[in-house]
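Please work through each task before reading its solution.

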Amino acid sequence: MAITMNPARLTGIGIVVLLVAWAILAGALEPILSYRDDIVYLARQHMFLVLTSGGAAILVGVPVGIWLSRPSMERYAEGIMQVFNIGTTIPTLAVVALSMTLLGIGFPPAFFGLFVASLLPIVRNTYAGLLAVPPHLKEAATGMGMTQGQILRRVELPNALYVIFSGIRTALAINVGTTPLAFLIGGGGLGELIFTGIDLMDTGMLLAGALPTALLAVIVDFLMGQAQLHLIPKGVNPLR
Amino acid sequence: MIRLEKLTKTFDTPNGTVVAADKVDMEVPSGEICILLGPSGCGKTTALKMINRLIPPTSGKIFINEEDTSKQDDIQLRRNIGYVIQQIGLFPNMTIEENICVVPKLLGWDTKKAKTRAAELLDLVGLDSRQFLQRYPKELSGGQQQRVGVIRALAADPPVMLMDEPFGAIDPINREVIQDEFLKMQAELKKTIMFVSHDIDEAVKMGDKIAIFRAGKIEQYDSPDNLLAHPANPFVADFVGADRTLKRLRLVTAEEVVNADAPAVARSTGAGDVARRLASEGERIAVVIDGDHRPVGYVTADEIAGSTGDVGDLAHPLPASVPMRADLRAVVSEMFAHDIMWLACTNDEGRFVGVITQPAVTAALRATYTAPAAGAA
């Protein structure tokens, strides 16, 4: 199976390549490489934040989306989704700031802020994806004698999987891009280089944080794209 | 056998109670197809879906093979009833094989047995199993999908099948083909089938019995022939259509009205012999046949009177002939197309079996009209 390159991903990779080329031409590579140890240490912190908060958002968001899509929740689901939608309109910087007022500084508020920011697209896509499964499929499944659990596992989830994955992909993209803000509330990560670079007007330092962040975003998106391509059954996968 | 006893369904709506099924009593004998027919909103689909409890009945009883289904668990009941819907409902995330194996798997069949069954059923509807088993539904045409939809319902060999406008979404040409295939399958499988339709032509073609619904009540439950010949009330007459007698033409095959005693003569017979034979039998026309017993032409008594030579040389070519499996609709159509009063009829090998005349066709239609309507069940 060939690795498909969609235009958006090509553009992303192109921008990173251009940035690197520009950095080299501008003679910024040397100052960037001088931060090598910092980059490695902070990138680890950064990825740890992304993996924990993103992972937690998936583990919580998908079940919540499933729960909201159940017929017993029909009366309340739309209302709850409205709350989630309003939540999405709050800027992530504000979410991070608010979580600091609740949890202080350090890893916990950074984790919580990123978790909340990535939770919304996952819940929304899981809920919408499950509701969009054609009713006649559920009717056929019921009429054939599947239990509610079997219908969910064998019919509803596989048919909603593409939409759910898209939600997770969006959430992780937001997550990686937002993680630099964690530095502002003492959560560490590559934001430390970016914001300090801005404050000191040190372009080399700024790029030492920004370039790895961009690279990380492209890698995460690429991995999610591959997962979407290979994990979703062929019959319901528009990519195959 | 399926028996409904005083089956009733009411829905409470803001505008009051709506009765979707009103004390429906009916019985479908084993191995027969019963069509539930009526305008939309007449309660036919509600009646069908109460049988596998997709819609729970308000009151009344349903018996399948003399067993009261209200005592059975919903899930078990449904696994033993084949169910086909208009939208087909193949699961797009599963291959054709997985789709067909859904119910066998639910019933705990051994995987190998289920797979063998899937291949067998695909071949039964003329889809090459090697080619189709591993495909996904979106890779099949509409007609192919509908065939898979039907065999999926047959997979676990249920005694009873419910079909909700199963061929409604297929183009008219494919629909005819699939209907014919289905009837052929049913002739062997002998399932007891409830079949919802809104198409009177489909009902007449497919049904052993037809139940006409209006506002949750059965207006008439009868054989297609009786229904068309003796509509019980103006609603039924209106629903089956002003051309209902023409529709009955489909119910009779050429074989049933053919006159097998019609004179047939070999090509080499002398004209004089034929003239004498026609005179003695009181017939006016003789069909000329070749060495393989195929009809090739005809001679009339008037024309050969006094002529000499073989009838093979005197014969007119036959304008048309019909296979004896054809229904009378096709026969009449041929007669009108060629402006003739009679047709030669052939069997599957093309051999001559007899002659069909227009009076014989009208006589066949008259037979049901004069027969006592008491025969209606």
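**Exercise 1.** Determine the handedness of the crossing of α9(A) and α10(A), and describe the contact behind it.

*Solution.* In this predicted model, the crossing of α9(A) and α10(A) is left-handed. On the side of α9(A), the contact is made by A:Gly191, A:Glu192, A:Leu193, A:Ile194, A:Thr196, A:Gly197 and A:Ile198. Helix α10(A) contributes A:Thr203, A:Met205, A:Leu206, A:Ala208, A:Gly209 and A:Ala210. By class, the residues of this contact comprise seven nonpolar, five polar and one charged.

Next, consider the geometry. Helix α9 (residues 191-199) and helix α10 (residues 203-231) of chain A pack at an angle of about 155 degrees, and their axes are 7 Å apart. Angles over 145 degrees count as roughly antiparallel, so α9(A) is roughly antiparallel to α10(A).

**Exercise 2.** State how many residues each chain gives to the contact between chain A and chain B, and characterise the side of chain B.

*Solution.* Chain B supplies 19 residues and chain A supplies 17 residues. On the side of chain B, the elements giving two or more residues are α2 (74-79), β6 (81-85) and α4 (102-106). That side of chain B has 12 nonpolar, four polar and three charged residues.

**Exercise 3.** Is B:Asp201 buried, partly exposed or exposed?

*Solution.* First, locate the residue: B:Asp201 lies in helix α9 (residues 200-206) of chain B. Second, apply the neighbour count: B:Asp201 has 15 C-beta neighbours inside 10 Å and therefore counts as partly exposed. Finally, the C-alpha atoms of B:Asp201 and B:Arg250 are separated by 9.0 Å, although these residues are 49 residues apart along the chain.

How values were computed
Residues are numbered from 1 along each chain as its sequence is written. Chains are lettered from A and ligands numbered from 1 in the order in which they are written. This is a predicted model: local features need pLDDT of at least 70, side-chain atom pairs count only at pLDDT 80 or more; totals for chains, interfaces and linings use all residues. Two residues are in contact if their C-beta atoms, placed from the backbone, lie within 7 Å. Helices (H or I, at least four residues) and strands (E, at least two) are DSSP runs, numbered from the N terminus. Ala, Val, Leu, Ile, Met, Phe, Trp, Tyr, Cys and Pro count as nonpolar, Asp, Glu, Lys and Arg as charged, and the others, Gly among them, as polar. Axes are lines fitted to C-alpha atoms, for helices over the stretch in contact, and angles run from 0 to 180 degrees between N-to-C directions. Angles under 35 degrees count as roughly parallel, over 145 as roughly antiparallel, 65 to 115 as roughly perpendicular and the rest as oblique. A crossing is left-handed if the near helix is turned anticlockwise from the far one by less than a right angle, and right-handed if clockwise. A residue is buried if 20 or more other C-beta atoms lie within 10 Å of its own, exposed if 12 or fewer, and partly exposed in between; C-beta atoms are placed from the backbone.
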